[in-house]
Amino acid sequence: MYCEICGRPIEGEPIPIEVDKAVLYVCRSCAATYGKKVIQQQAAPAVKKTPRPKPAAPRPPPPEVEIVENFGEVVKKARENLGLSREALAAMLGVKETVLRRIEAGQLQPDFALARKLEKTLGVRLLVESVEEGVAQTGRGAERGLTLGEVAEIRDGGEE
């Protein structure tokens, strides 16, 4: 290592000195002539940071489940049957009372997680298996949709 002031090779350990608030590593002769000696502080042992685990993203509902149409009425009726106020139920669910009011009014559809909480808390069934449209209907056309050939047949029939 070379002296940062005179540029000569440093024999032994370089000496840190402070010159105009800058720390330089110099030889013994430059250390005696320039700046004041810096007392080296022992570096604290590096604390190994462990990355925080990311909060789990809310699970999307399974694609085959949907919320019943009259979910607001079901929630309100079940809450009243249990003798719970909106505030009390909201506190149990960890949501605001206004959210619960909007759900009961049918203005807000609860997400999958909240619907599950409502089901468990109130003992009702809000999530049902969805029935895909077209599959439930019988007949070849409803299962696979119209083909280009069927559309052409319809037009041919209309022109006659």
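**Helix pair α3 and α5**

Helix α3 covers residues 86-93 and helix α5 residues 112-122; their angle is about 120 degrees and their axes are 10 Å apart. Axes here are lines fitted to C-alpha atoms, for helices over the stretch in contact, with angles running from 0 to 180 degrees between N-to-C directions.

Next I looked up who touches whom. L89, M92 and L93 of α3 meet L114, K117, L118, T121 and L122 of α5 (contact means heavy atoms within 4.5 Å). I sorted these residues into six nonpolar, one polar and one charged. For that, Ala, Val, Leu, Ile, Met, Phe, Trp, Tyr, Cys and Pro count as nonpolar, Asp, Glu, Lys and Arg as charged, and the others, Gly among them, as polar.

**Whole chain**

I noted that this is a predicted model, where local features need pLDDT of at least 70, side-chain atom pairs count only at pLDDT 80 or more, and totals for chains, interfaces and linings use all residues. Residues are numbered from 1 along each chain as its sequence is written, and side-chain values use heavy atoms, leaving out hydrogens and water.

I found seven helices and five strands in the protein chain; helices (H or I, at least four residues) and strands (E, at least two) are DSSP runs, numbered from the N terminus. Of contacts with a separation of 6 or more, 41% join residues 24 or more positions apart.
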